Amino acid sequence: MTLALLRGAIAAAIVAAAIPGSDAAAQELTAAEQKGLDIALEARERRLGFGNFTARQNMLLRNKRGQESQRELRVKVMEVDGDGDMSLFVFDEPRDVQGTAFLIHAHKDKGDDQWLYLPALKRVKRISSGNRSGSFMGSEFAYEDMTPPEVEKFTYRHLRDEPCGELTCTVVERNPTDERSGYSRQTVWRDTEELRIWKVEYFDRKNAHLKTLNLDGYERHLDRFWQAGQMDMVNHLTGKSTTLTWTDYVFQGELDAGDFTQAGLRRAR
Amino acid sequence: MPHSQVRRLAVVVLALGLTGPAFGTSADTASSGVVVFGSYLNPGTAERQAEVVRERLGVALAVTEVRIDDVVYHRVVSEALPEAVARQMIERAAQRGQDAWFAVAQAPRSDVVVDVAPDSPEQPSPEPLPAPAPAARAVPDEPADRAVDDIAIPIDIPETAWTDRFNRIDLTGSLSAQTRLFYRRIGHAGQRSRPSGFVAMPQLYVEDRTGWSFTLSPFYRFDSDDPERTHADLHEAYALFFGSLGDGQWETRLGVDRAFWGVVESNNLVDIVNQVDLVEHPDEKSKLGQPMAYFAYIGNWGTMELFGLPYHRQRTFPGYPGRLRFPWLVDDEIVTYESGQEERHVDVAARYSHTFGLLDIGISAFQGTSREPFLSPRIGVGNEITLAPHYEQIQQAGLDGQATFDTWLLKLEAIYRSGMSNRLGEEEAYASFVLGGEYTFHGLLETAADVTVLAEWCYDERGIRATTKFDNDLFLATRLSLNDVQGTELLISALLGTDHDSRVLTAELSGRLTDRWSVRLEAVALLELDPWDVLYETRRDSFVEVGLTYSF
């Protein structure tokens, strides 16, 4: 064995050792994919450490003829180390479902766990996570739009940067890896400065432009966390739209993981 | 309240001072941080990227490890810079076709998931950074700052009116008008066929600042025909307390409450805490309030619930003008109990439940007075026959489980009960179960609608001696949810006897008319019942019902 061959073998071994299995996929990313992923990772990191928050949501549902209907909800969200957030929604309006509560344990690597509390029977029901693409309370928001998407559940591709208002936006296409998602792809506009999402276009499984979400009224909480105050979702196929308004944000209040259990769900109201 | 504002600010600054290293206190100090040029799974890629950026910009760079949810990323960063300088660098980078972001340095917090490794062996790291804490700019003499208002550190409880002691005082509820039409002629003398009436269900909820609460939910039904169906009940009147204990949480409820156990749709065998309010609906799903002392502990290993039930509620039965009854009336004035303590016998119940991934399991036990009475005929003074309810002492062990998959569910409820008389009046211990599955077709025909089909097999080993209609029956149902603004739902079900001929069909349509008004239509058709069936005496009592509800 010559010295050159030995050197080659050692170099190969070092290269192999430097690429653990989990990195193999990352190696194959194109520059645009890598950049798209980078933006998503960076955006997630800026959201890390919020701990928990509570807020109120008002949904104004409008149909093609302009008829309106209101939804009022209270939301509690808690960050989980190493996994998706836990979210609890309690309905105040419409009144016939007042006290109905919905608990989601989001996961990065598998389907979410979901429970529904029906106050009339005082019954907690574990429900399947197959309803991700279904309408949330008759609104234009699907269940999968109601919780922040996990970075791991998409692949990414950076498309371009372009001006958006006074800001510059970086435009990334993301494709859900989850078959249960109702979307084939989403195009996301984030400003380059704070990586706030300003617009999302949703394409259905047949690749038709299904919905557009516009976000506005951003406010910074705890000097770090940007939250939109208003989200407008328009369905281009049906002409219906939903305006989701967030108010009364309280970050890092006295929430406990026990508030996100089935017992917590039963007393949520 | 300027004074309390100042106090709160002082506390915020103090709290932050304890959690992080020293930080600037000047109101004008801009935040500092690092410029990020990308994060990579592969350290080699990060190194190459760092080389490229160094060449392009001629700045000092480092690769640091960042752990995000157990995945280590290699991040190309600048040294710590004041924000203004960092912004200039980002602009310069952009001009040279290099993307970069500014990351505000973060004060270390115990619950922050980001974990920046300060010294990697090969790479000199720019960390740790001086940490301008989130609210560092809010100095005490500044006017109220939004960022500070957002920090909820519950420190000062202002001394104000008593209403401020409570987080919430809610009065909600519903009022319904209902009418039933029994469209077949009566089976027993005295029955009437078109009862109408209303239901009032207000609810008062008071929650104090700690989250402890009191709930009051009275119930009242007026029925135009049957005075036994005109009834009031206290569904809920309890105080709720909870808190942390060890790694978990405790919760206690004292007063009158309802507790639901079970997973299936047809017949919740394990559900035994509350008495059935039979005059409400023959489906036995309406329950009366139950006085109880309830304690639960919710730990990592599951939830343990204990019930002390100091008072027995009698089952309700229709009166003389009512349909859905035996030829003889049940007279609750001549009730008897096996226990000498009668209705004051203290029943006990316990349930352990836990989620194991896809599987939710509950194991329960009950010891005490049966919710189901044994009815024996008595001859009264006027030679009329009435049924006397007798409540025995029973023991019940229960198991309920559900496996939840993407679009389908598998469900089981099973009990073993002893101490109760069978249909022949002999004490007989028995096992009974309901086994079923549920499948949902989401987004049917490319609409928002879901269709769920479910099948459950209800089995009672007593067979013909069973005291329930679910002796050996198949329950088939389909639920259509339009997922529309009105929340329209249609439920159609069939209960089919397998040992003998019995067929009961039900259909239920419900939805909102407006945000406050909703409507419900129901039809129950007793198509065929053979003389052995528990429901035989009610075989003429098919009905349709219309209800209009106002919720407030």
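A residue counts as buried if 20 or more other C-beta atoms lie within 10 Å of its own, and as exposed if 12 or fewer do. Keep that cut-off in hand for the stops below. The model is predicted.

**Stop 1: helix H2 of chain B**

Select residues 43-57 of chain B, helix H2. Its buried residues are B:Thr45, B:Ala46, B:Gln49, B:Ala50 and B:Val53. They sit on the same side of H2(B), because they cover an arc of only 140 degrees around the axis. An α-helix has 3.6 residues a turn, so residues three or four places apart point the same way. Now turn the helix over. The face away from the buried side carries the exposed residues B:Glu51 and B:Glu55.

At 1.5 Å a residue, the 15 residues should span 21 Å, and the end C-alpha atoms are 21 Å apart, so the two agree. Step just past the helix to B:Gly58, where phi is positive, about 65 degrees.

**Stop 2**

Select B:Val76. Leaving out neighbours within four places in sequence, its contacts include B:Ala46, B:Gln49, B:Ala50 and B:Val53. Those four are among the buried residues of H2(B). B:Val76 is also in contact with B:Phe37, B:Gly38, B:Leu61 and B:Val63.

The largest nonpolar core has 52 residues. Those with the most contacts inside it are B:Val35, B:Val36, B:Val76, B:Ile90 and B:Ala100. In soluble globular proteins, nonpolar side chains tend to be buried together.

**Stop 3: the domains of chain B**

Colour chain B by domain. Domain 1 covers 1-28 and 134-159, domain 2 covers 30-131, and domain 3 covers 167-551. How far apart are the C-alpha centres of domain 2 and domain 3 of chain B? They lie 61 Å apart.

**Stop 4: where the chains meet**

Show both chains. In all, 64 residues of chain B are in contact with 56 residues of chain A. Several strands of chain B each supply at least two residues of the side that touches chain A, including S1 (32-40), S10 (231-245), S20 (393-404) and S28 (543-551). Which strand gives the largest share of that side? S1(B) does, with four residues.

**Stop 5: helix H3 of chain A**

Move to chain A. It has four helices and 15 strands. Buried residues make up 40% of its 269 residues. Among contacts between residues at least 6 apart in sequence, 43% join residues at least 24 apart.

Select residues 31-47 of chain A, helix H3. At 1.5 Å a residue, its 17 residues should span 24 Å; the end C-alpha atoms are 25 Å apart, which agrees. The buried residues of H3(A) include A:Leu37, A:Ile39 and A:Leu41. Just after the helix, A:Gly49 takes a positive phi of about 90 degrees.

**Stop 6**

Go to A:Glu93 and A:Pro94. A cis peptide bond joins them, with omega about 0 degrees. A:Pro94 lies in the loop between strands S3 (83-93) and S4 (101-105) of chain A.

Next, take A:Asp248 in strand S15 (residues 241-251) of chain A. Phi is positive here, near 55 degrees, though the residue is not glycine. Is A:Asp248 buried or exposed? A:Asp248 is exposed, because it has 10 other C-beta atoms within 10 Å.

Then jump to B:Asn483, in the loop between strands S24 (472-481) and S25 (489-497) of chain B. B:Asn483 is not a glycine either, and its phi is positive, about 55 degrees. With 23 other C-beta atoms within 10 Å, B:Asn483 is buried.

**Last stop: confidence**

Colour by pLDDT. Chain B averages 83, and 82% of its residues score at least 70. Over residues 1-29 of chain B the pLDDT is below 50, and this stretch has 46 contacts beyond near neighbours in sequence. Residues 106-159 of chain B are also below 50, with 127 such contacts.

Chain A averages 87, and 90% of its residues score at least 70. Its residues 1-6 stay under 50, with one contact beyond four places in sequence. Residues 8-24 of chain A are below 50 too, with seven contacts beyond near neighbours. Where pLDDT is low, the predicted coordinates should not be read in detail. The model scores ipTM 0.82 and pTM 0.76.

Note on methods
Residues numbered from 1 in each chain as written. Chains lettered and ligands numbered in written order. Predicted model: local features only at pLDDT ≥ 70, side-chain atom pairs only at ≥ 80, totals over all residues. Domains from an automatic or database assignment. Core = buried A, V, L, I, M, F, W, Y, C linked by C-beta atoms within 7 Å. Contact = placed C-beta atoms within 7 Å. Expected span 1.5 Å × (residues − 1). Arc of directions from axis to C-beta. pLDDT = per-residue confidence, 0-100.
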